Amino acid sequence: MRKTRRLWIAGLAVLTLVGCSGMDIGGGVGAPGGDMGGTPGGIQDIALARRKIDAGQIPFAEDFIAEGLYAEHDLPLEGPPCAQVLCLRTATGIATAIDTDRQEVFVQVGFSSNVDPSTFRRQPLDAALVIDHSGSMQGEPMEAVKEAARRLVAKLDENDTLSLVIFDHTSQVLVKQAPVRDREALLRAIGTIQVAGSTCIECGLRDGYQQLATRGLDASRSRRVFLFTDAMPNVGQTQQSEFMTLLRDHSREGRDLTLFGVNLAFDQAFVTAITSVRGANAFYLSGAERTRAVFDEDFDYLVTPIAYDLKMVLTPAQGFRVEAVYGIPGVAPGASLASLELPTVFLSRRRGAILARLSREADIQPAQRMLSEEFSFTPARGEASPPTLLTASYEGSEPLSSTGTWYSEDTVRKTAALTNFILGARAACTSWHAGDKARARELADRTVELLRTHAEQLDDAALRAEVELASKLAALMVP
């Protein structure tokens, strides 16, 4: 059954959860005609999985990350224009979940912003470039890192400062933290980097953070370490928990992290964990086109958090159960949580999303409430807003049976399809690496057909591209 009317949320077609009016994030805020979005921190793509498939490799399950796939797509929800720096909207879909083959409830929370991209200017930035030049970076990975570092330098101006740290089994400061004035000297320093040694990521991070700490805390500036690595530490700290402690300690002092990954041997699970820390995000640089997009189109946004510590309390109505939440950094797909926290929301040219999934015990009746969601967050700057309650209800005109399908709007259908892609791909890859190749191919084929159905019915080009990727994955899984 297709949608019969809009989803109603707390008595309104859409209810906006706002940050602080006029919050200053560097310029261009407050324009009512703004058309930007927000995206959770953490992993920002599934580019590693894409590259492995293009190279004829079967990815690991952990290479398929819900928040990464969501971040690659624009997932706008319907509603009046966003009037603040951060607005939340919700939409609901009732559709088949690929892992259970049951009709379940998908509630999307979408992020939008009234920031005007034509006038937005990021804050001045204190940047510490920390570059892995260990032996595993030999060849293409090192050249990719140098090109990315050059593009980053090109995005800075005299209002920004920069330091350059390189590490193998030890760390060396090539350029101390200073205003960006002699750009050619910085580029020459990047050009001198040669591959050698083992990998002490801890060594490089500590020197990078120390360089940022040479400048006093200033609310009008951002401070961020940019770590370029294949994420395979083998000297110094090597455990996720140790790194997360280090990153959390510096985040509390206003020193955040962006990680840029390279190399097919990239440790995605390690990076997924450490970039769930407040203020952190990560991008995999799979090729020249991806590098250009990250630095030329997204750089000013990826260094601009607009909200922290977005807390969600999910209360399912009687007869419903929260089965999973997708798109929260550090929360594994399939985790069933009624209370959770999104560490950071960054400004983005795409409208991001998270998705809650509910099972139900019986048919759903018209106007039946399925879920209440309470939200609160801390704006990056400005005063916090009070908690806001959203409710998701079924507004179809007829009872919805256990086989019925309904969407309040097309975007939630697309987001549910993307989620099923993640679930199907993870399950297929898990079966493949466990040696059950026939099961892997069956799961991969089912994923392709589900995606294709939604792409064709929505006439969505971006979803068709995911059908092509899923088809390539299935073709690799020869029983």
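Is F228 buried or exposed?

Analyst: F228 counts as buried because its relative accessibility is 0%. Buried means under 20% relative accessible area, exposed means over 50%, and partly exposed lies in between, with a 1.4 Å probe and protein chains only. This is a predicted model, in which local features need pLDDT of at least 70 and side-chain atom pairs count only at pLDDT 80 or more, while totals for chains, interfaces and linings use all residues. Residues are numbered from 1 along each chain as its sequence is written, and side-chain values use heavy atoms, leaving out hydrogens and water.

The next point is the ring partners. A search of the whole structure gives 11 aromatic pairs. One of them joins F228 and F260, with 5.0 Å from centre to centre and 35 degrees between the planes, and this pair is tilted. Rings of Phe, Tyr and Trp (its six-membered ring) pair if their centres lie within 6.5 Å; planes under 30 degrees apart are stacked, over 60 edge-to-face, and the rest tilted. The two residues are 32 positions apart, F228 in strand β8 (residues 222–229) and F260 in strand β9 (residues 256–261), and the pair links distant parts of the chain. Helices (H or I, at least four residues) and strands (E, at least two) are DSSP runs numbered from the N terminus.

F260 also counts as buried, because its relative accessibility is 0%. A further ring pair joins F260 to F283: the centres are 6.0 Å apart and the planes stand at 35 degrees, so this pair is tilted. F283 belongs to strand β10 (residues 281–284) and F260 to β9, so the pair ties together parts 23 residues apart in sequence. F260 and F283 are both buried. Ring pairs join these residues into a cluster made up of F226, F228, F260, F283, F295 and F299.

An α-helix has 3.6 residues a turn, so residues three or four places apart point the same way.

Seven strands make up an open sheet with mixed pairing, in the order β2-β10-β9-β8-β5-β6-β7. Its edge strands, β2 (42–43) and β7 (171–179), each pair on one side only. Two strands pair if DSSP finds at least two bridges between them. Strands of a sheet pair through backbone hydrogen bonds, either parallel or antiparallel. Strand β6 (residues 161–167) and β7 run antiparallel and are joined by six bridges. Within β7, S171 is the bridge partner of F167.

Past the end of β8, A231 lies in the loop between β8 and α6 (240–251). A231 counts as buried because its relative accessibility is 0%. D309, in strand β11 (residues 305–316), likewise has a positive phi, of about 50 degrees, although it is not a glycine. D309 is buried, with a relative accessible area of 18%.

The charged end of R278 sits over the ring of Y308, 3.8 Å from its centre. For this, NZ of Lys or CZ of Arg has to be within 6 Å of the ring centre and within 35 degrees of the ring normal.

Finally, the whole chain gives the setting. The chain has 12 helices and 17 strands, and 58% of its 479 residues count as buried. Among its contacts (heavy atoms within 4.5 Å) with a separation of 6 or more, residues 24 or more positions apart account for 79%. The C-alpha atoms fill a box of roughly 70 × 55 × 35 Å along the principal axes. A compact globule of 479 residues would have a radius of gyration near 23 Å, and the 22 Å of the chain agrees with that. The radius is taken over C-alpha atoms, and the globule rule is 2.2 Å times the number of residues to the power 0.38.
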